[in-house]
Amino acid sequence: MRSKLLSLTMALLRNSDGLGIRPTTPWGRRILFGSLAVGIPAYIYATVSLVQLMYDSLLVLDQTGVLISWGLAAASLLLLLISVVHVVSSFYFSVDVENLLYLPVRPWEIVGAKFLNTLAYQYFLTTLILLPVLGVYGAKSGFSLLYVLYSLVVILLIPILPLAVGSVLVIGIMRYANVSRYKDLVKTVAGVLAIFAVFVLSALLQRFGDEITMEQLEELIAVGNNSLIAITNRMFPTAAWAANALLQPDLGHGLVNLLVFAAISLVSFGLLLWFGERLYLRGVIGLTETGSRRLSPALDLTSAAVQHRPLNTYLLTELRLLFRTPVYFLNCVLMNLVWPVIAVIAGMAGDESINLAAEWLRNEAGPGMLLSSSLALLTFLNGTNAITPTAISREGSSFFIKKYIPMDVRHQLTAKVLSGFLLGCTALVGLLLLAIGFLELSPALAASLVVLGWLPAALTSYFGLLIDLFNPKLQWDSEQRAVKQNMNVLYTMAASAMVSAAVGYGGYRLAWGLLPTALAAGGFYVGLTALCAFLVYTKGAAAFHSLEG
Amino acid sequence: MLELTGLHKTYGKSVKAVDDLDLTVNKGEIFGFIGPNGAGKTTTIKMITGIINPDSGSIKVNGISLNADPLGAKQQIGFVPDTPSMFLRLKGIEYLNFMGDMYSVSTADRQARIEHLAKEFDLTRVLADPIQSYSHGMRQKIIVIGVLLHQPPVWIMDEPMTGLDPRSSFTLKQMMREHADLGNTVFFSTHVLEVAEKLCTRVAIINKGRILFCGGMESMREHFRTHASLENIFLELTSDAE
C-alpha cells in the first residue's frame with residue numbers, strides 16, 4: 001500500500017495540468033509552437049553566450065568558480081521569492097484544498113503533497129536557470145562523471161530549502177490571518193506581507209555580502225583561486241555547500257559538501273512538515289468561507305442603485321474582481337505596485353547598484369538615451385503585468401455571461417484593456433518619482449516621459465489581450481491556474497522584453513538628442529499599439545465571438 | 001416571441017447536439033423545454049442567448065434576428081443560467097447595478113424594481129453583502145432579480161427551480177405567470193415534470209437533439225390517446241427514442 005503522502009502527491013499532480021501549457025485552440029497551438037521554435041534556440045544561444053562571456057572574464061582573474069557559486073545563490077534567492085506566491089496560491093487559495101480537508105489525512109501529509117507539487121513546478125525554473133551555468137562551466141572546465149552526477153543532485157535539491165523557507169513563512173503568517181470575517185482582505189494582506197517579508201529576508205542576506213570594503217575586494221581578487229566565492233556564497237549561505245561540491249567534484253571534500261547540502265535540504269523539508277502539522281489547519285480551515293452575513297439595514301437605493309455608462313461599469317467590475325480576488329491581486333495587481341515601491345525604497349536606502357546606475361545615467365548618458373532607456377524599462381515592467389494576458393482566461397466557466405449581455409464586444413475589450421492600462425501606469429508614476437528624486441531630471445525630459453510614458457502600458461495591455469483572445473485558458477477549477485499556470489503571461493513578458501531590448505539598444509546605438517528620440521520612440525510605440533489595437537478589435541473580436549467557453 | 005428555424009449544432013465531427021430544430025414560442029406563453037440529460041436543452045438555450053453559435057439555422061427574438069442584430073436581440077432577453085455561481089466577489093447590489101447598466105435600466109426604474117423584487121425574494125437586507133456569502137438559493141434569487149430588472153420581453157431560464165426552497169419556488173412560478181400575463185414570453189428547461197405540467201401553456205420534449213413532441217398538455221393527451229401524466233408520456237417517449 002502506498003503512503004498517503006505519495007498517493008496525495010500523485011493525485012494532485014495528475015489533477016494539475018502540468019505547466020499549464022496545453023493549448024486548447026488551434027491558435028494556441030500555433031503560438032506555443034512558434035514560441036518554442038524561436039524561444040528555445042534564442043534562450044539557449046543568449047544564455048550560453050552570456051555565461052561563456054562571464055566564464056572567460058572570470059578566467060582571467062582565476063575566479064571561474066564564482067560562476068557556479070553566484071548561479072546557485074541567485075537561483076536560490078529567485079526561487080525563494082517565487083515560492084512565496086506559489087505557496088500562498090497553492091496551499092491556501094486553491095479550490096482543491098477544500099476537497100482535501102475532509103479526507104482522513106494528517107495536515108503534514110497535505111502540506112507535504114502540496115510542497116512536492118510546487119517543487120515539481122519549480123524544477124522547470126531551476127533547470128532553466130542552472131542548466132546553462134552548470135553546462136558551460138562543465139564544458140569549459142572539463143566534464144567528469146562525478147561533476148555531472150553532482151550537478152543532477154544539486155538541481156534536484158536546490159529548490160527544496162528556498163521553498164521550505166517560503167512555506168514556513170507563509171504557514172506562519174496565514175495561521176494568524178484566518179481570524180477575521182474579512183477573510184479575502186486578510187488573505188490578500190497576508191500574501192502581500194509574505195512577499196515583503198521575503199524581500200526583506202533576501203535584502204538581509206545580501207547585506208552580508210555588502211559588508212565588505214573595496215580594499216578587501218581588491219585583496220580577494222588579487223589572491224585568485226576562486227577567492228571571490230567567499231562573497232557570492234554569502235548571498236544565500238546554504239548554497240555554498242552545493243557550490244563547493246561542484247567546484248571540487250570528488251569523493252572526498254566534494255562528496256562531504258554534497259552530503260551536507262542534501263542533509264540541510266532534507267532537514268528543511270522535515271521541519272516544514274513538523275511546522276505544517278502544527279499550524280496548517282489553523283490557517284486553512286474556514287478560509288474559503290466568507291465571513292458570516294450581516295443582517296444589515298436596508299440599503300438606501302437612491303444612492304446605491306444609480307445608472308452609469310456600461311463601459312464604466314464593466315471596467316469597475318473588472319477592477320473590483322482584480323482587487324477582491326486574492327490570487328488575482330497578488331499575481332496581477334501587486335506586480336504593478338511592487339516594482340516602483342521597491343525601486344523607490346532601494347533608491348532611498350542608497351542601494352549601491354541604483355546609485356551607480358544613477359551616476360552613469362547623469363554623467364554618461366544623454367537625455368535621448370535617458371528617455372529611451374526609461375521607455376525600455378517601462379515596457380519591460382509593464383510586460384510583467386498579468387492583467388490583460390489573463391483577462392479572458394480569468395472569466396473561466398463564467399465566460400458565457402460576457403457572451404449574452406447586450407454589450408458590443410469591442411467595448412468589452414476596451415474595458416479589459418483599460419483595466420490593465422490604468423494599473424500599468426502606476427509603473428510610470430513610480431519611475432517618475434524615482435527619476436525626479438534621484439536622477440535630477442531636466443524639465444524637458446520629465447515632460448517627455450509624462451507625454452510618452454503611458455505608451456508602453458497601452459502597448460503591452462493591447463498585446464496581452466490579443467494573445468489571451470487567441471489562446472484563452474477557460475477551463476480551470478482554481479483561480480490560481482487562470483493566472484499562474486497561464487503561458488499568455490510569459491508570451492507577453494517575452495514580447496515586451498524584446499521590444500524593451502530594441503528600444504534600449506536603439507537609443508544607445510543612435511544616441512540622438514531628446515526631441516528626435518522622443519519623436520522616433522513616440523512613432524514606434526504609437527505604430528505598434530495601433531497595430532495591436534486594430535488586431536484586437538478585428539481578429540480578436542472575431543475570436544471572442546467564436547469562443548464557446 | 002421566439003422563432004427557431006432549422007437549428008443545427010454539432011460538437012466535434014459527429015455528435016449532433018441539436019438536429020434540425022424548429023420551434024416557435026408565442027407571446028404570453030410559458031413554454032417548458034423538457035428532456036433527459038444530454039438531450040440538447042442547454043445547447044439550444046445557449047444558441048438562443050448568443051453564447052454559442054449554431055452551425056446553421058436562424059433565431060429570431062421578437063422578430064429581431066440574432067445573427068443580423070445580436071445586441072438588439074440580446075436586449076430582448078433575460079437569461080437565468082443553470083449555475084448561479086457567478087460574480088461571487090461582487091456585492092448583491094453591485095451585481096444588480098452591473099446588470100442594470102448592461103441592459104440600460106434607468107435609475108428610477110431600477111430603484112423601484114430592486115426594491116420590489118428584493119422584497120419578494122426576501123433579499124433586501126443582504127444586498128450589501130458579497131454574493132459569495134449567499135446560499136445556493138439566494139444566489140439563484142439574486143440572479144433572477146438581475147435578469148428581471150429590464151423586464152425582458154423574452155425570459156429564458158435553464159433549470160430555474162434547482163436549489164430554491166418551496167416558498168421561493170412558489171414566488172418564482174408566480175412571477176413567471178405574471179410575466180407571461182403581461183404579454184411576455186417565458187421559456188424554461190426543467191427536469192421537474194410536475195412543474196411543467198402545472199405551469200406551462202405548452203411543452204416540447206427533446207431527445208438526442210430532436211423535438212419529439214411540441215404542444216399543450218391536452219393536445220399531448222389527445223395525440224397519445226392517453227390520460228397518463230406527463231411523466232409517463234415523457235418516459236415512454238424518451239425510452240422509445242433510445
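Tutor: Let's start with a helix pair: α21(A) and α23(A) are oblique to each other. Keep in mind that this is a predicted model. Helix α21 of chain A covers residues 455–470 and helix α23 of chain A covers residues 487–510; they pack at an angle of about 140°, with their axes 9 Å apart. That angle is why the pair counts as oblique. The crossing of α21(A) past α23(A) is right-handed.

If you want to click on the residues that meet, pick A:T460, A:F463, A:G464, A:I467 and A:D468 on the α21(A) side, and A:N488, A:Y491, A:T492, A:A495 and A:S496 on the α23(A) side. Sorted by class, this contact has four nonpolar, five polar and one charged residues.

Now look at the other partner of α21(A), helix α24 of chain A (residues 514–546). The axes of α21(A) and α24(A) come within 9 Å and cross at roughly 25°, and therefore these two helices are roughly parallel. The crossing of α21(A) past α24(A) is left-handed. On α21(A) the contact includes A:L455, A:P456, A:L459, A:Y462, A:F463, A:L466 and A:F470, and on α24(A) it includes A:Y525, A:V526, A:L528, A:C532, A:V536 and A:F544. By class, the contact of α21(A) with α24(A) has 19 nonpolar, two polar and no charged residues.

Over in chain B, have a look at the open sheet of six strands, ordered β6-β7-β8-β3-β9-β10 with mixed pairing. Its edges are β6 (77–80) and β10 (210–215) of chain B, each pairing on one side only. On average, neighbouring strands of this sheet are turned by 15° against each other, direction ignored.

Zoom in on β8(B), residues 185–190. Six of its six residues are buried, so β8(B) is largely enclosed by the rest of the structure. In a regular strand, side chains alternate between the two faces of the sheet. Here B:T185, B:F187 and B:S189 point one way, B:V186, B:F188 and B:T190 point the other way, and all are buried.

What flanks it? Strand β3 of chain B (residues 30–34) runs parallel to β8(B) and is joined to it by five bridges; for one, B:I30 is partnered with B:V186. Strand β7 of chain B (residues 154–158) runs parallel to β8(B) too, again through five bridges. Within that pairing, B:I156 goes with B:F187 and B:M157 goes with B:F188.

Helix α1 of chain B (residues 41–48) lies across β3, β7, β8 and β9 (202–207) of chain B, running at about 145° to β7(B).

There's another sheet to visit: an open one of four strands in chain B, ordered β2-β1-β4-β5 with antiparallel pairing. Its edge strands are β2 (15–25) and β5 (64–65) of chain B; each has a single partner strand, so one side of each is left without a neighbour in the sheet. Two bridges join β4 (residues 56–61) of chain B to β5(B), and these strands run antiparallel. In that pairing, B:V61 is partnered with B:I64. The helix α1(B) packs on this sheet as well, touching β1 (2–11), β2 and β4 of chain B, with its direction at about 120° to that of β1(B).

Most residues other than glycine have a negative phi. B:S104, though, has a positive phi near 55°; B:S104 sits in the loop between α3 (92–102) and α4 (107–120) of chain B and counts as partly exposed, with 14 C-beta neighbours inside 10 Å. B:Q151 has a positive phi of about 45° without being a glycine. You'll find B:Q151 in the loop between α5 (136–148) and β7 of chain B, partly exposed, with 15 other C-beta atoms within 10 Å.

Note on methods
Residues are numbered from 1 along each chain as its sequence is written. Chains are lettered from A and ligands numbered from 1 in the order in which they are written. This is a predicted model: local features need pLDDT of at least 70, side-chain atom pairs count only at pLDDT 80 or more; totals for chains, interfaces and linings use all residues. Axes are lines fitted to C-alpha atoms, for helices over the stretch in contact, and angles run from 0 to 180 degrees between N-to-C directions. Angles under 35 degrees count as roughly parallel, over 145 as roughly antiparallel, 65 to 115 as roughly perpendicular and the rest as oblique. A crossing is left-handed if the near helix is turned anticlockwise from the far one by less than a right angle, and right-handed if clockwise. Two residues are in contact if their C-beta atoms, placed from the backbone, lie within 7 Å. Ala, Val, Leu, Ile, Met, Phe, Trp, Tyr, Cys and Pro count as nonpolar, Asp, Glu, Lys and Arg as charged, and the others, Gly among them, as polar. A residue is buried if 20 or more other C-beta atoms lie within 10 Å of its own, exposed if 12 or fewer, and partly exposed in between; C-beta atoms are placed from the backbone. Two strands pair if DSSP finds at least two bridges between them.
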